[in-house]
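Hello,

Here is the structure I promised to pass on. Please have a look, then read my notes below.

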Amino acid sequence: MRRTFEALTRLVGGGDVVVLSGAGLSTESGIPDYRGPSGAARRHTPMTYQAFTGDPEARRRYWARSHLGWRLIARAAPNGGHRAVARLQHAGLVRGIITQNVDGLHTAAGSTGVVELHGRLDEVVCLNCGNLTSREELDRRLREANPGFAARVTEVNPDGDVDLPDEAVNGFRIVDCGICGTGMLKPDVVFFGETVPAPRVADCFALVERARAVLVLGSSLTVMSGRRFVIRAVKLGIPVAIVNQGPTRGDGHATVTVDGPLGEVLPALADRVAGPATPVGLVVGGASAG
């Protein structure tokens, strides 16, 4: 561990680093991941775009569950890992941040210019007119439409969904777009089966191609959505460092791998290469701090 940590400090200390973060970075903020230690025992199947748009009952069940899950996501606060990334950025060592997460915690920790590959849960889009509204506004409307709705939630998934039995969501009423009046509302995030907007992907590739090193944080790199940036870096001869709990699909390509809690490894890394912690405009709260 010590030898790999020293290699990590040398790589990041050289600057021009692009960070690629995944759900494992937010587990210490109380948001479980899909495939790491906190997600290993769960069987949650994420909502697909096809089911959401094509099945009114699936859409109603999703909004009932997500209505509850959003409140837990909105209360989540950045952890030491998020704050360490912000410190590295403010020290001039990180030139760009790409996150697969939709919780907004990088920005809440003080990072700027974050490319949110899969969107953000704190915004809602109308699939008819394209209007964007805040999740707080939708939360208010759903509370008004469902004054007696209540269910016990024990944990939330990375996509803001929760697990509830069907009988717990019976009678839940969804609402349409408040602008066009008929449009289907959807969180402004990329569902499974949906495509990340091409300009956003191009921006991410451009960041990686200009980087001196890529630092992967808390991602198993199981899905191609994130792994493609590691593949591009490797093809260009750009070194890749991975900090994660457990193995990843990128380990065989990495110059450095560190297996450990990100809330411990990243602050120690920032202390070594960026100096003592200083305030970086920390915003309390997660996605709601938008």
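A nonpolar core here is a set of buried Ala, Val, Leu, Ile, Met, Phe, Trp, Tyr and Cys residues joined through side-chain atoms within 4.5 Å. Buried means under 20% relative accessible area, exposed over 50%, partly exposed in between (1.4 Å probe, protein chains only).

This is a predicted model: local features need pLDDT of at least 70, side-chain atom pairs count only at pLDDT 80 or more, and totals for chains, interfaces and linings use all residues. Residues are numbered from 1 along each chain as its sequence is written, and side-chain values use heavy atoms, without hydrogens and water.

The largest nonpolar core has 30 residues. Trp63, Leu138 and Leu185 have the most contacts inside it. At least two residues each come from α3 (56-75), β4 (119-126), α6 (135-145) and β6 (185-189). Helices (H or I, at least four residues) and strands (E, at least two) are DSSP runs, numbered from the N terminus. Helix α3 gives the largest share, 8 residues. Apart from this core lies another, of 27 residues, including Leu11 and Val265.

Arg59 also sits in helix α3. Arg59 is buried but has no salt bridge (a side-chain nitrogen of Lys or Arg within 4 Å of a carboxyl oxygen of Asp or Glu). The nearest side chain of opposite charge, Asp176, is 6.8 Å away. Lys and Arg count as positive, Asp and Glu as negative; His and the chain ends are not counted.

On confidence: pLDDT (the predictor's confidence in each residue, from 0 to 100) averages 88. It stays under 50 over residues 36-43 and over residues 280-285. Where pLDDT is low, the predicted coordinates should not be read in detail.

Best wishes

Conventions
Contact means heavy atoms within 4.5 Å.
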